[in-house]
Amino acid sequence: MRKIMTAGLCLVTVLCLCAGALAADQTLLVREAEDDELYFYPQQLLTVGDTLYILCSMEDSCSLYRWQEGMAEAELLTEGLFRANRFDTMAEALEYVENAKEPVPGDPEHALGNLVFTDGERLMALNPLNGQLFAFSVENGEIVYEDLAKAEDVSLLRHASEEYSYWLYPESWAVADGRLLLPLMDWNDATGEADRRMIVMDLATGVMTRADLPYSETVTGCRDGQIMLLVRDPDNPYDSEKGEYYPYDLVLWNPADNTTQTVGQLQEEWVNRISYLPAEDALIYMNDTRIMGVTGLTGKEQYGYAPATYGQSSTVVGDSLAFISNSRVYLRTLTRGFDTDDCVTVYGSYMSDGAEAFAEKYPQTPVYFYRDYYGTAEELSQAMLTGDDAMDVLRMSNDEIALSTLMDKGYCADLSGDAELMAYVSSLYPAFRDAVMRDGKLCAIPISAYSYDGWFVNLTVMEDMGLTEEDLPTNMVELCAFANRWNDEWVEEYPSYTLVSYVEDYKEMMFYWMFSGYLSYCQAENMELRFDTPVFRELMTALESLDVEELNRGANLANEDEEGYRAGLFMEGYGVVGSFYDPEKENRASILKPITLTADTAWHPEVHMEVLFVNPRSAHMDAAVKLIKEEIAHLNDTYAHVLRMDATDPVRYDYYDQWVQSAQKALDDARKALEEADEADRKDYQLQVEELERNLEDVKANEYMISEGGIRYYQETVAPAMYVSRPSVFYTSEDASGELSTLLERYMQGQIGLEQLIREMDSKIMMMQMENY
Amino acid sequence: MFRRKKIVWLLLLPGLAGLMLFYVVPFFGGIYFSVTDGTYENNYVGLQNYAQVLGNPMFQLGLRNTWELSLLCAPVIWLLAFVLSAMLRTLKDRAVPFRNILLLPYLMPSSAMLLIWTLMFDYGGVVNRLAVAMGLERVLWLEGDALRFPIVLLYVWKNLGISVVLFASALSAVHPSLYEYAALEGAGWWTQAFRITLPQILPTAFLVFVLAWVNAFKIFKEVYFIGGAYPTQQIYTLQHFMNNMFARLDYQKVTTAAYLFAIGVMVLFALMYLSKAVRSPSEA
């Protein structure tokens, strides 16, 4: 019986400990900027005793939240703190308060600016507008201010020049021995160089001085009333000989006797924020999603995992780290030597919506990000096999690396056994689906796609020139003839316009468009790449007939009396996949014009696709697949519509209603002003009303980010024509691309003729293809 | 005796270790690549890569061209070197400057040589100007079939000197009385060269031939400088195939082609060595 009771007690104790540990991993505040409050974000974290204070910025004021152990989330203490950041002087702030239509919360005399800090016992702030240093607290819902000192001169906190001035935002702060240390970075307008300052403020007198300390972007209170500085030459942080960043020096500054001591080094690329954990005498910081610590200020080890990659502000509360990331405040228990086998490592990605959702859904499974980069399929495949902490999920674009090589060689785990992933891939447009399937195996999951192969016609230019859509060229051959006509007839007549925006050498660009278009055409039509074909000859014949000396001369040079490029009739290289061009939309400024190679060839926009795939050697296959599913579930609307055939619902702009309301309100105000206006002013007000009426119409016309017409055009015209690009024989190796490029250059420079170009290109390409036989 | 042997092995150890580490181990280690498929699982595929490479038209083309170039170059070098060294022998001490001059191209960097060669054989170069002056048509020496001629000439020009030096050292060992006796018997220069000199220096002659042949196999660098990784089909060599496969990181094809080539060379030289004609008198 005693044994059973003992075992029961042990179990209860373990469960309590686990619950305690779990309870410490919390999200204390979730207020996304996209929520109803447009201007709201947590700005700063401050620890006073065992209480965490969260200072949040709002439109007109600051709000203060409080959290203590045992609370599920932070509670709002007050919203009535005056926000000083937007004002330059006290007079401006007071004038704003006086003229505000609704009461402005807070007291401008005790405005909170960039400098809110704590000595660990009370909250303090410096009003930058009047130099008032004060403590503040909230008692019975009321804000209580206590003036401490007044800084006579706050000029060190400002950037001031003849043209403009503004308050500098301290990178971080630390308080020790009655002194506040602030690293500030400014720019010298005359030299353009950084002016980095370490400012010390005496909290008893308010006297501010520039300290003779090495610059440290982040500082924190540390052991024995000292302040820790992370020192590295900010202008030269990278050791190009070793190919790595120089380590930071860990420098302790003792404010009592103004001495410094270097206690060690920290090898990291960049450390954003540091905090101090007294229990372990450890310096705590975040490295992507890893919470790291320098125990005893000497040994680096992991202390935890953060479901976010960037802590804008952080502080230690008890045995936990609180940090702000993406408008959320997280709390994570610090455990020396934190390690877990249950994790998932992602290559080629940062914290995405999907990864965030995964982190929230599976909090015990850290998501780590693999930061090394590999430029070739071979290097990457070696890293996939031999990396100590090998990547589980890889994210990459099909034109970034020879993705098809990795698929062909089995470096992508077969995911076809997962019904959910197969269902997703089945819902994709065939071009994407086919690109990731190999012999019935599902090798990768497309998560985004885009194409910038679109040619758009500027309707203003077209109408000004008296042209109609039917007059415009529809293919490259016709474009050459059109360019010749422009060269002969329109250069002088329309000096403000040119044929294609931003083009300065038409022959070179035309050759580039034709050549790249021809490569795409061969791929899209699954043709073997050869240049001795009627299509290529027709293109080259058109190119050789190009006579655009006048057009080149005035192509895109600035107009005589104004800077800038001339407006082009055509705009090339614009989004055609992902833009959801809607031909049915009224009042368009431009229209999409599919330009083919010749009259007899089809249009094929080249699509670049980004995929996720799993390393077959992954020891965390289950977590990897779950992460991919979260990424799919959190695809943004554009990519979901680009990739999925079943995404057919139009998408409204998030702020459409607000835009309309705002435009309507402006119109109503103007109409009211018109009614009340004197006869002399009525004409101006009438013009303003008409302008605002047009504006309202424009706003109303833009209700949808992805409209029904856009989806229809994409499904009927773009999707059947597009193809996912594959590595061309051109890029088989540097030797291959170099030789073919040299041949093209020789042709363009007139060193070889068309026949020789075609003969040699075909010969070389045939050799390249036969080597793969 | 045993202790002495141990010391010998000890002295040999650094050299042997280097040989093992940098030649023997990689040589046999490479076999692993040639019998696997290079996929993620790296499956064993037996001789499939060998069958594929042997059936690859570019491997066949490279092999054929390499074979043809070496068959063309090696005998030319050998014959010219032999004749020149025999002629230089007659000059006795006055031959030294000529030997040194002949050796100079061997010491020149390939890139510098190639620059001279492209200037000479360019469409508007010295060779074509001479041809025009003689009433002949210009030739595109650096393209197509014609490229073989400057390549062979370049190879001969570069490698002739070292072969002459080797022949000359062997000739110095032939006893002069043999030539005096032959002269008394009425033998002319050609008879002396092929009836006395050649039989006396046969092992060296074989060595020179082997070196000339091996160097001819390595003619890739010059061709690559002129024609690139994908020159005209007439001068695409086996090394082009291997180099291009390496550039594509296709280690399976690179190693397979290298082993096929090594096997071919080894068989060829084994056959030559087994021939009594080229063995030294003591071996025969």
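**A against B.** I started with the contact count (heavy atoms within 4.5 Å): 26 residues of chain A touch 26 residues of chain B. This is a predicted model, where local features need pLDDT of at least 70 and side-chain atom pairs pLDDT 80 or more, while totals for chains, interfaces and linings use all residues. Residues are numbered from 1 along each chain as written, chains are lettered from A in the order written, and side-chain values use heavy atoms, leaving out hydrogens and water.

**Buried area.** I took the accessible area (1.4 Å probe) lost on putting the two parts together, summed over both. I get about 2200 Å², with carbon and sulfur atoms giving 51%. A:K409, A:M767 and A:E771 supply 32% of what chain A buries against chain B, more than any other three residues.

**Who supplies chain A's side?** Helices here are DSSP runs (H or I, at least four residues), numbered from the N terminus. I noted α4 (377-386), α18 (734-748) and α19 (754-771) of chain A as the elements giving two or more residues. α19(A) gives the most, nine residues.

I then checked α3 (residues 57-91) and α4 (residues 96-107) of chain B: their axes (lines fitted to C-alpha atoms over the stretch in contact, angles from 0 to 180 degrees between N-to-C directions) come within 9 Å and cross at roughly 150°. So α3(B) is roughly antiparallel to α4(B) (over 145 degrees). B:L84, B:L88 and B:L91 meet B:F98, B:R99 and B:L102 there.

Notes
Angles under 35 degrees count as roughly parallel, over 145 as roughly antiparallel, 65 to 115 as roughly perpendicular and the rest as oblique.
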